[in-house]
Amino acid sequence: MNIELSRKIVSFISFCGLVATIIVTIYFYRLGLFKDIHSLRLYIENAAIFGPFIFILLQIIQVVVPIIPGGISTAAGVVIFGPFLGFVYNYVGICIGSVIVFLLARKYGKSFILSMISEKTFNKYTHWLDNQKRFDRLFSLAILLPVAPDDALCMIAGLTEISLKKFTWIILLCKPATILAYSMALIYGANWLTNLLS
């Protein structure tokens, strides 16, 4: 399978995921679950262990294949499960997904990465690969700060000599700040917008 075809397939899957997200959102809205956050939480809690399990699985998948925008699913986790459990489920799913894309990139190389991200994004960070120590520092900083394309960088890390152990520790230690920042920004931003429009 060539890179262009792989890219089209990933784009199509992402588009389908976005459409599915819109459909589910409309469905939940018609059920009245967005009018009362307690109703939404109760609906999810009634799914027992399947609710958290499905959400963690969704987070793992969206890191590997961007089905829905990561920021949306991260904020949804906090809204649905509350600040603490939402953070935990986001953290577990995103960390597992990050390790998976790293291992896939290590096994399948540049062709896999270019099937998932644009060549422009790839080229933007390839100069980091010139020096391993420099890459480790920049990668850690990028994962810590909520501004870089984390998933793309996790794939690019698979092309370096960084060990799986070191990569995993960077993800485990640096991801919490990013997840917390995205969650709070989206939730408080949505509340601010709602108050502004009401």
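Guide: An aromatic pair is two rings of Phe, Tyr or Trp (its six-membered ring) whose centres lie within 6.5 Å; planes under 30 degrees apart count as stacked, over 60 as edge-to-face and the rest as tilted. This is a predicted model: local features need pLDDT of at least 70, side-chain atom pairs count only at pLDDT 80 or more, and totals for chains, interfaces and linings use all residues. Residues are numbered from 1 along each chain as its sequence is written, and side-chain values use heavy atoms, leaving out hydrogens and water.

Visitor: Are the rings of W128 and F135 stacked or edge-to-face?

Guide: A search of the whole structure finds 8 aromatic pairs. In this one, the ring centres of W128 and F135 are 6.4 Å apart, with planes at 65°. So the pair is edge-to-face.

Visitor: Are W128 and F135 buried or exposed?

Guide: Buried means under 20% relative accessible area, exposed over 50%, partly exposed in between (1.4 Å probe, protein chains only). W128 has 12%. F135 has 0%. So W128 is buried, and F135 is buried.

Visitor: Which helices do F139 and F167 tie together?

Guide: F139 and F167 form a stacked pair, 5.5 Å centre to centre and 20° between the planes. They tie together parts 28 residues apart in sequence. Helices are DSSP runs (H or I, at least four residues), numbered from the N terminus. F139 lies in α7 and F167 in α9.

Visitor: Which residues form one aromatic cluster?

Guide: F139 and F167 belong to it, and both are buried.

Visitor: Which residue forms a salt bridge with K166?

Guide: A salt bridge is a side-chain nitrogen of Lys or Arg within 4 Å of a carboxyl oxygen of Asp or Glu. The count comes to 2. For K166, the closest N and O atoms are 2.8 Å apart, and the partner is D136.

Visitor: How many residues apart in sequence are the parts that D150 and K175 tie together?

Guide: The side chains of D150 and K175 meet in a salt bridge at 2.8 Å, N to O. D150 lies in helix α8 and K175 in helix α9, so the parts they tie together are apart in sequence by 25 residues.

Notes. Helices (H or I, at least four residues) and strands (E, at least two) are DSSP runs, numbered from the N terminus.
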